[in-house]
Amino acid sequence: LLNSLSSVGVVNSTDREYFPRLSFDGLRLFFSSDRSGGFGMSDLYISERASLLDTFGSPVNLGAVFNTNLDNFSAWESADGLRLYYDAGPGTSMAMRPNLGTPWTDPGITVSGSIFASTGGSHPTLTQDELTVVVQQGPTPTNLAVSTRASVDELFPTPTLLANINTVDFELHPGLSRDGLSIAFASDRPGGIGEFDIYKAS
C-alpha cells in the first residue's frame, strides 16, 4: 500500500492537472491539463524521467497530432511503448510510433482513428496484451463497459456493461490491471466516505 502522497513537482501548475497515467516502465507520465498555451479545453501532456529514482521533468504538450480544440485526455501507452490510446473529443483513438526513439511529440506520428467498430466509450484502460478494454459510457450517470478482441489488428466491438459492478449511480475513471483480473474505479454510490470513493473489484 502507498504510505504517503507528495507533489510531482514541476509537473503541476496553478491550473488543473488530471487523468494521470504511467507507462508500464514508469518512465513516462501522461496527463491532461487546462493550462494556458494549449490547443483546446484540455490538452495531453507528457513528462519523462531517466530512471525510477529520478524525478519527472518539465511536461511537454503532445502537440496537434493528439490535441484538438475539445477535451483531450486519458492517454494509455502499450507495454512496448509503441501505441498510445487516448480520448480526443468524443471518441477514443490510437496513435502509433515506429520505435521508442521517436518521441510522442513528433508531428509525423500516425493516428489510426477510433479503436471501436461502432459505438465505444471514453477513458480507455486496457490489459497488457491490448485485447480487452474497459471504458466509461453514458452522459448521466456513467457506467463501465468492456470489450474484447482477438487481435491487436482488429477494432473492438461495441462494449457491453460490466456485470456486478455498475449501479444506478456513477461509475467512472476505470483502471484495469495488466492481467485483466481486477479493476479500480470511482463511484458516488451510497455507503462511501466522500462525494466519490475509489473501489476495487476482482
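Predicted model: local features only at pLDDT ≥ 70, side-chain atom pairs only at ≥ 80, totals over all residues.
Strand 11 covers residues 143-148 and pairs with strand 10 in the antiparallel sense, over 6 bridges. The hairpin built from strand 10 and strand 11 has 5 residues between the strands, and Gly138 takes a positive phi near 90° in this hairpin.

Strand 10 also pairs with strand 9 (residues 122-126), again running antiparallel, through 3 bridges. Ser122 stands opposite Gln136 in this pairing. Strand 9 and strand 10 likewise form a hairpin with 5 residues between them, in whose turn Glu130 has a positive phi of about 65°.

Burial of strand 10 was examined next. Of the 6 residues of strand 10 (residues 132-137), 6 are buried, so the strand is largely enclosed by the rest of the structure. The burial applies to both faces: Thr132, Val134 and Gln136 are buried on one side, and Val133, Val135 and Gln137 are buried on the other.

The largest pocket has a volume of about 1000 Å³. Its lining comprises 29 residues, and Pro20, Arg21, Leu22, Gly175 and Leu176 are those nearest the pocket centre. Two or more lining residues come from each of strand 1 (17-22), strand 5 (72-77), strand 9, strand 13 (171-176), strand 14 (183-187) and strand 15 (197-201). By class, the lining of the largest pocket contains 16 nonpolar, 9 polar and 4 charged residues.

Definitions and conventions
Residues numbered from 1 in each chain as written. Heavy atoms only, no water. Buried < 20%, exposed > 50% of the residue type's maximum accessible area, 1.4 Å probe, protein only. Helix = DSSP H or I, 4+ residues; strand = E, 2+ residues; numbered from the N terminus. Pairing = 2+ DSSP bridges. 1 Å grid on protein atoms, 1.4 Å probe; cavity = no way out; pocket = protein on both sides within 12 Å on 5 of 7 lines; lining within 4 Å. Points joined across faces, edges and corners; volume = space filled by probe spheres on them. Nonpolar A, V, L, I, M, F, W, Y, C, P; charged D, E, K, R; others polar.
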